[in-house]
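Q: I have a model open and want to learn how to read it. Can we go through it together?
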Amino acid sequence: MASRSADPKGSRNGNGAPPLDAVSLAIIEQLQEDGRRPYAAIGKAVGLSEAAVRQRVQKLLDQGVMQIVAVTDPLTVGFRRQAMVGINAEGDLDPVAEALTAMPEVEYVVMTAGSFDLLAEVVCEDDDQLLDVINKRIRALPGVRSTESFVYLKLKKQTYMWGTR
């Protein structure tokens, strides 16, 4: 296993948690390859006991460093319409971002610099639901000035395997 440091200066990682050591990063990589990999197999790969891996994984989950989830193809589970919605807002962006995160159809929200103040990924069953979410809910939020929608025609790549670079 190659030795590496999550943060060579030893500072915090942006979410207030201490930087991750090489073993925790290796555990994360193991789980990104296969979220159902047994702790014993992970332990063998990273040089820890099964119990130690279990404790580390629980700590990473408790700290919000990672989640272990099933990633689906939205089309195969009945969600035929996806779109990225660019949002321009006035004033404080936090209330708008919080309102977006509360919407069950919104899967992803980021504050950005550039043409839009916020980007929100919306996953819906059909065009009617997408129209309702954008027109009646997102555009109606206090502070929202305008939106621009980018409807997905075909999903070519969806992965969460960026590792722990």
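Q: Which residues in H1 meet residues in H2?
A: This is a predicted model. In H1, look for Val23, Ala26, Ile27, Gln30 and Leu31. They meet Ile42, Ala45 and Val46 in H2.

Q: How do the residues of the contact of H1 with H2 divide into nonpolar, polar and charged?
A: There are 7 nonpolar residues and 1 polar residue. No charged residue takes part.

Q: What describes two packed helices?
A: Now the case here. Helix H1 covers residues 22–33. Its axis and that of H2 come within 10 Å and cross at roughly 135°. An angle from 65 to 115 degrees would be roughly perpendicular, and one over 145 roughly antiparallel. H1 and H2 are therefore oblique to each other. The crossing in which H1 passes H2 is right-handed.

Q: At what angle do H2 and H3 pack, and how far apart are their axes?
A: Helix H2 spans residues 39–46, and helix H3 spans residues 50–62. Their packing angle is about 100°, and their axes lie 8 Å apart. So these two helices are roughly perpendicular to each other.

Q: Which residues make the contact between H2 and H3?
A: H2 supplies Tyr39, Ala40, Ile42, Gly43 and Val46. H3 supplies Glu50, Val53, Arg54 and Val57. By type, the contact has 6 nonpolar, 1 polar and 2 charged residues.

Q: Is Tyr39 buried or exposed, or partly exposed?
A: Check the relative accessible area. Buried means under 20%, and exposed means over 50%. Tyr39 has 21%, so this residue is partly exposed. Tyr39 sits in helix H2.

Q: Which residues is Tyr39 in contact with, leaving aside neighbours within four places in sequence?
A: Tyr39 is in contact with Glu50, Val53, Arg54 and Val57. Sequence and space are separate things to read. Tyr39 and Ile27 are 12 residues apart in sequence, and 9.3 Å apart in space, C-alpha to C-alpha.

Q: What does Glu50 touch, not counting residues up to four places away in sequence?
A: Glu50 touches Tyr39 and Ala40. Find Glu50 in helix H3. Its relative accessibility is 39%, so Glu50 counts as partly exposed. From Glu50 to Pro38 is 12 residues in sequence and 8.5 Å in space, C-alpha to C-alpha.

Q: Which residues of H4 are buried?
A: Helix H4 runs over residues 93–101, and Leu93, Val96, Ala97 and Leu100 are buried there. They cover an arc of only 100° around the axis, which puts them on the same side of H4. Pro95 and Glu98 are exposed on the other side.

Q: How many helices and strands does the chain have?
A: Count 5 helices and 4 strands. Starting at the N terminus, the order is α-α-α-β-α-β-β-α-β.

Q: How much of the chain do buried residues make up?
A: They make up 33% of its 165 residues. Contacts can be read for the whole chain too. Take those between residues at least 6 apart in sequence: 61% of them join residues at least 24 apart.

Notes
Residues are numbered from 1 along each chain as its sequence is written. This is a predicted model: local features need pLDDT of at least 70, side-chain atom pairs count only at pLDDT 80 or more; totals for chains, interfaces and linings use all residues. Side-chain values use heavy atoms; hydrogens and water are left out. Axes are lines fitted to C-alpha atoms, for helices over the stretch in contact, and angles run from 0 to 180 degrees between N-to-C directions. Angles under 35 degrees count as roughly parallel, over 145 as roughly antiparallel, 65 to 115 as roughly perpendicular and the rest as oblique. Contact means heavy atoms within 4.5 Å. Ala, Val, Leu, Ile, Met, Phe, Trp, Tyr, Cys and Pro count as nonpolar, Asp, Glu, Lys and Arg as charged, and the others, Gly among them, as polar. A crossing is left-handed if the near helix is turned anticlockwise from the far one by less than a right angle, and right-handed if clockwise. Buried means under 20% relative accessible area, exposed over 50%, partly exposed in between (1.4 Å probe, protein chains only). The arc is that of the directions from the helix axis to the C-beta atoms.
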